[in-house]
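Please read them with the structure open beside you.

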Amino acid sequence: MERLIAAGEIVAGEATGRALVTTEPLSFWGGLNPDTGEIIDRRHPLSGRIVSGRVLVLPHGRGSCSASGVFLEAIRNRTAPAAVIVSRLDPIIGLGAILGEELYDRTVPVVLLAPEDFAVIADGDRVEIGRPGQVRVAREDEGGQSRMVVP
Amino acid sequence: MTPVDRLSLTAEERGMLAGERGEATRLAMRILTRMAPLYGATALLPVTRAHIDGCIYEGDAGLEFAERLAALGGRVQVPTSLNVVSLDHRHWQQLGLPADYADKARRLGRAYLDMGAAPTFTCAPYQTAAAPTFGEQIAWSESNAVAFANSVIGARTNRYGDYLDISCALTGRVPAAGLHLTENRLGQVLVRLRDLPPDLVVRDDFYPVLGYLLGTLVDDEIAVVAGLEAQPGEDQLKALAAAAATSGSVALFHLAGITPEAPTVAEAFGGRTPLRTVDVGLDDLRRARGELSTATDGSLDLVAFGSPHCSLAECRRLAGLMRGRRAAPGVEVFITTSRAVRDLLERSGDLETLLAFGAKVTADTCIVVAPLVRTGARTLVTNSGKYAHYAPGLLGVQAVFAATEDCVASAEAGRVVVEDGPWSA
């Protein structure tokens with residue numbers, strides 16, 4: 001069973017992956033190694049985790065203006081997350097994804113969720129971003145069965 | 001209807017999008033018009049100045065983009081300054097940079113110069129001839145420069161990340177939204193400083209700490225700070241802005257009675273009621289100061305000044321502190337600044353004093369955008385909130401935040417020397 005959430009498309013596209021979730025904002029510059037996909041901000045709760053192929057669920061970016069550049073490097077190097085879900089419209093993260101499309105023709109969807117929907121997604125959930133503006137969230141129980149995700 | 005269709009463009013702007021000004025301008029306008037709706041804009045706005053952050057070498061994508069724009073004949077449409085680059089153009093060989101890395105970093109700088117940008121190579125362009133004036137509409141990048149330009153000068157820019165900055169410079173346009181518009185520059189959150197020791201608020205190390213706290217309190221909201229019983233100098237405001245733009249996405253703050261759009265608290269809020277009020281006392285600041293350091297004592301191998309780039313005044317103060325002293329063996333000392341300031345230091349004789357202390361005075365770059373620091377360094381002592389924040393992740397070192405005098409004393413002693421002074425009051 002699954003839950004379907006309406007989302008705002010910042011950068012439209014389709015993607016699927018396991019959720020990597022944080023409630024702490026992150027600057028990609030100084031926070032993400034675009035060669036390895038590792039989160040390297042040692043003050044951040046996700047320090048040491050790998051974003052590659054995951055659906056990165058973070059409230060928004062912070063700090064540096066170079067964050068979009070680091071995101072673009074990660075897209076070029078194929079270490080980027082499969083998609084990014086934010087709870088606040090973040091132009092700098094959107095910019096990295098738009099550049100990825102314009103320069104490398106690769107889409108990393110970036111979608112905006114209302115804070116109450118954003119809070120539903122837990123680390124490890126299977127997340128599917130669809131069009132137009134849909135986020136499908138499924139969680140497996142201990143027996144490996146998907147069950148409905150409720151807030 | 002896509003958001004781009006909702007943008008109302010002038011005939012000239014439509015022409016740019018259609019490729020009438022060449023392929024580089026077309027690509028830049030495409031990126032700009034896709035981004036404008038994310039800023040909430042329905043039109044574009046002309047600017048008179050740009051500052052480019054995209055010249056920091058982050059990897060091959062940034063290089064490929066800049067070289068592509070340059071090869072397509074891109075030319076900036078407004079005076080454009082360049083941020084730090086990832087090597088010291090004149091001294092990189094002595095600094096031991098890998099040749100391949102230096103080559104790419106140089107090609108990146110070259111591409112931006114070929115597009116007509118000026119070789120300022122500094123993250124503190126507001127302390128150069130490229131500084132904007134009050135009310136000027138500009139397209140600036142580099143978080144600390146954005147916060148300073150908006151807050152301290154009263155110029156108007158949003159945070160334009162890599163590589164929207166060059167897109168704005170090539171088109172001479174920005175999204176007409178956010179901090180470019182008067183109504184969006186009013187205060188939102190009232191931050192009241194309470195019962196701070198008078199000898200604390202005049203210290204240099206107070207300002208990065210206040211900024212670091214401010215960023216965590218408001219993130220991207222516009223703070224109005226009331227109750228600052230001091231007249232901070234330009235370099236103190238620079239440290240405040242840089243730290244606030246590090247811990248949060250601060251692009252504009254007001255200091256009541258100090259910064260130009262805040263003659264009074266009431267005027268900074270434009271007569272509106274604050275969304276919320278936060279009281280800040282000495283304990284809150286002590287906590288923020290604690291968070292800037294990941295270590296507090298022990299030996300050190302690295303001391304750094306200059307994020308943002310040290311001004312001439314800051315370098316000369318360092319020269320005063322370093323005169324007749326010497327860094328302990330095994331301690332690497334960096335003073336990162338602009339080439340304009342380095343040239344002045346050379347002429348004033350201060351450079352000799354700094355070098356005699358054992359400091360490396362680099363131009364054009366800094367320790368977190370170029371691999372200057374020798375591998376194996378473990379503990380950094382710095383007076384910069386920004387260096388203290390980023391160094392653990394980017395350099396893999398422990399960071400100790402300290403006052404300027406203590407940084408110099410630590411370098412000399414070869415171990416962390418931090419006097420708490422009024423912080424412990």
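A residue is called exposed here when its relative accessible area is over 50%, and buried when that area is under 20%. Please keep in mind throughout that this is a predicted model.

1. I would begin with a backbone detail in chain B, where B:Asp195 has a positive phi of about 55 degrees although it is not a glycine. This residue sits in the loop between β6 (189-193) and α7 (206-218) of chain B, and its relative accessibility of 74% means that B:Asp195 counts as exposed.

2. B:Glu142 belongs to the loop between β4 (139-140) and α5 of chain B, but here the side of the cut-off is the buried one, since the relative accessible area of B:Glu142 is 7% and buried means under 20%.

3. Two cis peptide bonds deserve a look. In chain A, the bond from A:Arg131 to A:Pro132 is cis, with omega near -10 degrees, and A:Pro132 is placed in the loop between β9 (126-130) and β10 (134-140). In chain B, the cis bond joins B:Asp162 and B:Tyr163, with omega about -5 degrees; B:Tyr163 is in the loop between α5 (143-153) and α6 (164-171).

4. As for the overall build of chain A, three helices and 11 strands are assigned, and along the sequence they follow the pattern β-β-β-β-β-β-α-β-α-β-α-β-β-β. The radius of gyration of chain A is 14 Å, close to the 15 Å that the globule rule gives for 151 residues, so chain A is as compact as a globular protein of that length. Buried residues make up 60% of chain A, and of its contacts between residues at least 6 apart in sequence, 74% join residues at least 24 apart.

5. Chain B has 15 helices and 14 strands, and its radius of gyration of 22 Å agrees with the value near 22 Å that a compact globule of 425 residues would have. Its C-alpha atoms fill a box of roughly 65 × 55 × 35 Å along the principal axes, and 62% of its residues are buried. The mean positions of its 40 positive and 49 negative charges are 3 Å apart.

6. Which residues touch the most other members of the largest nonpolar core? In this core of 102 residues they are A:Phe28, A:Phe71, B:Tyr112, B:Leu164, B:Ile166 and B:Ile367. Helix α2 (residues 91-104) of chain A gives the most to this core, with eight residues. Apart from it lies another core, of 54 residues, with B:Ala124, B:Leu210, B:Tyr212 and B:Leu228 among them. In soluble globular proteins, nonpolar side chains tend to be buried together.

7. Finally, is B:His254 buried or exposed? With a relative accessible area of 1%, B:His254 is buried; its place is in strand β8 (residues 253-255) of chain B. Not counting residues up to four places away in sequence, B:His254 touches a set that includes B:Arg185, B:Leu186, B:Gly187, B:Thr259 and B:Glu261, with B:Ile222, B:Ala223, B:Val224 and B:Val225 also among them.

Conventions:
Residues numbered from 1 in each chain as written. Chains lettered and ligands numbered in written order. Predicted model: local features only at pLDDT ≥ 70, side-chain atom pairs only at ≥ 80, totals over all residues. Heavy atoms only, no water. Helix = DSSP H or I, 4+ residues; strand = E, 2+ residues; numbered from the N terminus. Rg over C-alpha atoms; globule rule 2.2 N^0.38 Å. Buried < 20%, exposed > 50% of the residue type's maximum accessible area, 1.4 Å probe, protein only. Contact = heavy atoms within 4.5 Å. Core = buried A, V, L, I, M, F, W, Y, C linked by side-chain atoms within 4.5 Å. Lys, Arg positive; Asp, Glu negative; His and termini not counted. Charge placed at Lys NZ, Arg CZ, Asp CG, Glu CD.
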